[in-house]
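Colleague: I'd like a close look at one part of this model, please. Take your time with it.

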Amino acid sequence: MKIAIAQFKPKLGKIKDNIKRILDFIDSALSKQCGLIVFPELSTSGYALRDLVSYSSIDLKSKILSDVIQKSNFIDIVLGYAQKEEGFYYNSAVYLSNGIVATNRKKIYLPDYGMFEEARYFARGGLLETTQTKFGKINVLICEEAFHLSVHHFIEQNKTDITIIISASPFWIYENGLDKRKIWDNICNNISSLTGNFVIYANRVGFEDGVGFFGGSLVYNPYGECIFKSDFLKEKLYIVDLNLNEISHAKEFMPLSKDKSYGSI
(Lines give C-alpha, C1' and ligand atoms only; values in the text may rest on other atoms or scores of the structure.)
Protein backbone atom coordinates (compact mmCIF):
# COMPACT_ATOMS: atom_id res chain seq x y z
CA MET A 1 0.00 0.00 0.00
CA LYS A 2 1.36 3.39 -0.99
CA ILE A 3 0.24 6.40 1.05
CA ALA A 4 0.75 10.14 0.73
CA ILE A 5 1.15 12.58 3.62
CA ALA A 6 0.43 16.18 2.65
CA GLN A 7 2.49 18.24 5.10
CA PHE A 8 0.34 21.19 4.26
CA LYS A 9 0.51 24.95 4.99
CA PRO A 10 -3.06 26.33 4.86
CA LYS A 11 -3.82 30.03 4.50
CA LEU A 12 -5.81 31.27 7.50
CA GLY A 13 -9.47 31.73 6.58
CA LYS A 14 -8.92 31.23 2.82
CA ILE A 15 -11.16 28.22 2.16
CA LYS A 16 -11.23 28.40 -1.65
CA ASP A 17 -7.46 28.85 -1.93
CA ASN A 18 -6.84 25.96 0.47
CA ILE A 19 -9.23 23.59 -1.30
CA LYS A 20 -7.60 24.39 -4.65
CA ARG A 21 -4.20 23.46 -3.25
CA ILE A 22 -5.66 20.36 -1.55
CA LEU A 23 -6.91 19.22 -4.96
CA ASP A 24 -3.42 19.80 -6.41
CA PHE A 25 -1.89 17.61 -3.69
CA ILE A 26 -4.49 14.90 -4.38
CA ASP A 27 -3.66 14.95 -8.11
CA SER A 28 0.05 14.61 -7.29
CA ALA A 29 -0.68 11.63 -5.02
CA LEU A 30 -2.80 10.03 -7.75
CA SER A 31 0.04 10.44 -10.26
CA LYS A 32 2.23 8.44 -7.88
CA GLN A 33 -0.44 5.71 -7.59
CA CYS A 34 -1.16 6.21 -3.89
CA GLY A 35 -4.20 4.55 -2.31
CA LEU A 36 -4.59 7.02 0.54
CA ILE A 37 -3.71 10.67 1.18
CA VAL A 38 -3.77 12.29 4.62
CA PHE A 39 -4.07 16.02 5.29
CA PRO A 40 -3.51 17.69 8.71
CA GLU A 41 -6.03 19.13 11.16
CA LEU A 42 -8.09 22.14 9.95
CA SER A 43 -6.47 22.03 6.48
CA THR A 44 -9.31 23.88 4.74
CA SER A 45 -9.21 26.85 7.11
CA GLY A 46 -6.01 27.17 9.14
CA TYR A 47 -5.86 26.83 12.93
CA ALA A 48 -6.20 30.12 14.83
CA LEU A 49 -9.66 30.98 13.50
CA ARG A 50 -11.15 32.74 16.54
CA ASP A 51 -13.83 35.12 15.12
CA LEU A 52 -13.26 33.69 11.63
CA VAL A 53 -14.78 30.39 12.71
CA SER A 54 -18.28 31.16 11.36
CA TYR A 55 -16.88 32.38 8.04
CA SER A 56 -14.39 29.52 7.64
CA SER A 57 -16.52 26.52 8.64
CA ILE A 58 -18.09 24.16 6.10
CA ASP A 59 -21.49 22.49 6.11
CA LEU A 60 -20.83 18.96 4.91
CA LYS A 61 -24.14 19.08 2.99
CA SER A 62 -22.95 22.05 0.92
CA LYS A 63 -21.10 21.73 -2.40
CA ILE A 64 -17.84 23.30 -1.21
CA LEU A 65 -16.14 19.93 -0.78
CA SER A 66 -17.80 18.27 -3.79
CA ASP A 67 -14.65 18.24 -5.94
CA VAL A 68 -12.64 16.71 -3.09
CA ILE A 69 -15.32 14.09 -2.44
CA GLN A 70 -15.41 13.25 -6.16
CA LYS A 71 -11.64 12.61 -6.10
CA SER A 72 -12.20 9.94 -3.47
CA ASN A 73 -13.52 7.69 -6.23
CA PHE A 74 -9.83 7.24 -7.11
CA ILE A 75 -8.00 7.63 -3.79
CA ASP A 76 -9.11 7.51 -0.13
CA ILE A 77 -8.78 10.90 1.56
CA VAL A 78 -8.48 11.95 5.21
CA LEU A 79 -9.04 15.67 5.66
CA GLY A 80 -9.24 17.95 8.70
CA TYR A 81 -11.69 20.85 8.44
CA ALA A 82 -13.81 23.28 10.43
CA GLN A 83 -17.40 21.98 10.33
CA LYS A 84 -20.66 23.89 10.60
CA GLU A 85 -23.71 21.91 11.72
CA GLU A 86 -27.03 23.06 13.19
CA GLY A 87 -25.64 26.33 14.51
CA PHE A 88 -22.50 24.86 16.09
CA TYR A 89 -18.89 24.65 14.91
CA TYR A 90 -16.66 21.59 15.23
CA ASN A 91 -13.02 20.73 14.67
CA SER A 92 -13.68 17.68 12.46
CA ALA A 93 -12.04 14.99 10.36
CA VAL A 94 -13.62 13.29 7.40
CA TYR A 95 -12.67 9.97 5.75
CA LEU A 96 -13.73 9.95 2.09
CA SER A 97 -13.81 6.82 -0.08
CA ASN A 98 -15.61 5.72 -3.26
CA GLY A 99 -17.13 9.18 -3.69
CA ILE A 100 -18.90 9.25 -0.32
CA VAL A 101 -18.29 10.22 3.30
CA ALA A 102 -17.26 7.00 5.05
CA THR A 103 -16.79 8.68 8.44
CA ASN A 104 -17.07 12.20 9.81
CA ARG A 105 -15.64 12.70 13.31
CA LYS A 106 -15.86 15.71 15.62
CA LYS A 107 -12.93 16.31 17.98
CA ILE A 108 -13.71 15.26 21.54
CA TYR A 109 -10.77 16.64 23.51
CA LEU A 110 -10.51 20.38 22.80
CA PRO A 111 -7.43 22.00 24.41
CA ASP A 112 -8.14 25.23 26.29
CA TYR A 113 -4.88 25.78 28.19
CA GLY A 114 -1.84 27.93 27.44
CA MET A 115 -2.04 29.25 23.88
CA PHE A 116 -5.01 27.00 22.97
CA GLU A 117 -8.58 28.35 22.71
CA GLU A 118 -10.38 25.54 20.86
CA ALA A 119 -13.06 24.98 23.52
CA ARG A 120 -14.01 28.65 23.27
CA TYR A 121 -14.95 28.46 19.59
CA PHE A 122 -15.71 24.80 18.86
CA ALA A 123 -18.35 22.48 20.30
CA ARG A 124 -17.20 19.14 21.63
CA GLY A 125 -17.69 15.93 19.65
CA GLY A 126 -19.13 12.85 21.26
CA LEU A 127 -17.82 9.63 19.75
CA LEU A 128 -14.69 7.83 18.69
CA GLU A 129 -15.30 5.67 15.65
CA THR A 130 -13.55 2.85 13.83
CA THR A 131 -14.06 2.73 10.06
CA GLN A 132 -13.89 -0.42 7.94
CA THR A 133 -11.95 0.48 4.79
CA LYS A 134 -10.38 -1.39 1.88
CA PHE A 135 -7.10 -1.24 3.85
CA GLY A 136 -8.50 -2.61 7.13
CA LYS A 137 -10.05 -1.07 10.23
CA ILE A 138 -8.95 2.54 10.65
CA ASN A 139 -9.17 5.06 13.50
CA VAL A 140 -8.83 8.76 12.73
CA LEU A 141 -7.75 10.85 15.72
CA ILE A 142 -7.58 14.63 15.86
CA CYS A 143 -4.39 15.90 17.55
CA GLU A 144 -5.01 16.25 21.33
CA GLU A 145 -7.13 13.07 21.34
CA ALA A 146 -3.95 11.02 20.90
CA PHE A 147 -2.66 12.27 24.28
CA HIS A 148 -5.43 10.45 26.20
CA LEU A 149 -4.97 6.89 27.44
CA SER A 150 -8.73 6.25 27.10
CA VAL A 151 -8.29 6.68 23.34
CA HIS A 152 -5.39 4.21 23.25
CA HIS A 153 -7.62 1.75 25.11
CA PHE A 154 -10.39 2.28 22.51
CA ILE A 155 -7.92 1.46 19.71
CA GLU A 156 -6.82 -1.71 21.48
CA GLN A 157 -10.36 -2.89 22.24
CA ASN A 158 -11.55 -2.33 18.65
CA LYS A 159 -8.74 -4.46 17.20
CA THR A 160 -7.93 -1.92 14.55
CA ASP A 161 -5.19 -1.99 11.94
CA ILE A 162 -4.22 1.60 11.17
CA THR A 163 -4.38 4.71 13.35
CA ILE A 164 -4.24 8.06 11.58
CA ILE A 165 -3.50 11.17 13.64
CA ILE A 166 -4.08 14.53 11.99
CA SER A 167 -2.55 17.47 13.79
CA ALA A 168 -1.90 21.20 13.96
CA SER A 169 0.77 20.92 16.60
CA PRO A 170 2.91 23.98 17.39
CA PHE A 171 6.58 23.66 18.26
CA TRP A 172 7.99 24.36 21.69
CA ILE A 173 10.78 23.18 23.97
CA TYR A 174 10.18 22.24 27.61
CA GLU A 175 12.47 23.45 30.40
CA ASN A 176 14.19 20.05 30.47
CA GLY A 177 15.08 20.39 26.79
CA LEU A 178 12.44 17.95 25.55
CA ASP A 179 10.64 19.26 22.46
CA LYS A 180 7.30 18.49 20.81
CA ARG A 181 8.88 16.19 18.22
CA LYS A 182 9.91 13.77 20.98
CA ILE A 183 6.41 13.86 22.52
CA TRP A 184 4.85 12.81 19.21
CA ASP A 185 7.54 10.17 18.71
CA ASN A 186 6.59 8.68 22.09
CA ILE A 187 2.84 8.72 21.36
CA CYS A 188 3.20 7.07 17.94
CA ASN A 189 5.62 4.50 19.34
CA ASN A 190 3.27 3.63 22.22
CA ILE A 191 0.17 3.19 20.02
CA SER A 192 1.96 1.15 17.36
CA SER A 193 3.91 -1.14 19.69
CA LEU A 194 1.00 -1.81 22.09
CA THR A 195 -1.80 -2.26 19.52
CA GLY A 196 -0.02 -3.66 16.44
CA ASN A 197 -1.27 -0.73 14.35
CA PHE A 198 0.47 1.24 11.67
CA VAL A 199 0.41 4.83 12.92
CA ILE A 200 0.35 7.67 10.39
CA TYR A 201 0.91 11.11 11.93
CA ALA A 202 0.33 14.13 9.64
CA ASN A 203 1.21 17.54 11.09
CA ARG A 204 0.84 20.89 9.37
CA VAL A 205 3.52 23.54 8.80
CA GLY A 206 3.57 27.34 8.62
CA PHE A 207 3.09 30.26 11.00
CA GLU A 208 -0.02 32.02 12.36
CA ASP A 209 0.22 35.00 14.73
CA GLY A 210 3.82 34.10 15.58
CA VAL A 211 3.00 30.45 16.34
CA GLY A 212 5.06 27.94 14.35
CA PHE A 213 3.66 24.56 13.27
CA PHE A 214 6.64 22.28 12.75
CA GLY A 215 5.62 19.42 10.48
CA GLY A 216 7.72 16.42 11.45
CA SER A 217 5.10 13.96 10.20
CA LEU A 218 5.75 10.32 11.10
CA VAL A 219 4.92 6.74 10.19
CA TYR A 220 5.41 3.89 12.65
CA ASN A 221 5.06 0.23 11.69
CA PRO A 222 3.09 -2.27 13.87
CA TYR A 223 6.29 -3.29 15.69
CA GLY A 224 6.78 0.19 17.14
CA GLU A 225 9.50 1.15 14.67
CA CYS A 226 9.64 4.58 13.04
CA ILE A 227 9.86 3.95 9.27
CA PHE A 228 9.37 7.53 8.10
CA LYS A 229 10.07 11.01 9.46
CA SER A 230 9.42 14.14 7.40
CA ASP A 231 11.30 17.41 7.28
CA PHE A 232 11.04 20.12 9.91
CA LEU A 233 8.91 23.16 8.84
CA LYS A 234 8.83 22.12 5.14
CA GLU A 235 5.64 21.97 3.09
CA LYS A 236 5.82 18.88 0.90
CA LEU A 237 3.94 15.79 -0.29
CA TYR A 238 5.62 12.65 1.06
CA ILE A 239 5.09 9.12 -0.28
CA VAL A 240 5.51 6.10 2.02
CA ASP A 241 5.12 2.37 1.29
CA LEU A 242 3.36 0.25 3.93
CA ASN A 243 3.44 -3.56 4.05
CA LEU A 244 0.00 -4.34 5.48
CA ASN A 245 0.99 -7.98 6.07
CA GLU A 246 3.06 -6.71 9.00
CA ILE A 247 -0.14 -5.96 10.95
CA SER A 248 -1.23 -9.59 11.38
CA HIS A 249 2.35 -10.72 11.94
CA ALA A 250 2.90 -8.16 14.70
CA LYS A 251 -0.38 -9.12 16.42
CA GLU A 252 0.51 -12.82 16.25
CA PHE A 253 4.00 -12.14 17.56
CA MET A 254 2.63 -10.19 20.55
CA PRO A 255 -1.02 -11.36 21.02
CA LEU A 256 -1.83 -8.79 23.69
CA SER A 257 -5.50 -8.44 22.66
CA LYS A 258 -6.31 -12.05 23.68
CA ASP A 259 -6.06 -11.02 27.33
CA LYS A 260 -9.54 -9.80 28.27
CA SER A 261 -8.79 -9.05 31.91
CA TYR A 262 -8.00 -5.37 31.33
CA GLY A 263 -11.63 -4.29 31.52
CA SER A 264 -12.07 -5.83 34.95
CA ILE A 265 -8.98 -4.33 36.60
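Which residues make the nonpolar surface patch of about 430 Å²?

Modeller: That patch is made by Leu194, Phe253, Met254 and Leu256. Bear in mind that the model is predicted, so local features need pLDDT of at least 70 and side-chain atom pairs 80 or more, while totals for chains, interfaces and linings use all residues. Numbering runs from 1 along each chain as its sequence is written, and side-chain values use heavy atoms, without hydrogens or water.

A patch here takes residues with over 30% relative accessible area and no salt bridge, and joins nonpolar side chains within 5 Å; areas are Shrake-Rupley with a 1.4 Å probe, and a salt bridge is a Lys or Arg side-chain nitrogen within 4 Å of an Asp or Glu carboxyl oxygen.

Leu194 sits in helix α6 (a DSSP run of H or I, at least four residues; strands are E, at least two). Leu194 counts as exposed because its relative accessible area is 52% (exposed is over 50%, buried under 20%).

The buried residues in α5 (149-157) are Val151, His152 and Ile155. They span an arc of only 100 degrees around the axis, so they lie on the same side of α5; the arc is taken from the directions from the axis to the C-beta atoms. After α5 comes Lys159, with a positive phi near 50 degrees.

Terms used: Buried < 20%, exposed > 50% of the residue type's maximum accessible area, 1.4 Å probe, protein only. Patch = residues over 30% accessible without salt bridge, like charges linked within 9 Å, V, L, I, M, F, W, Y side chains within 5 Å.
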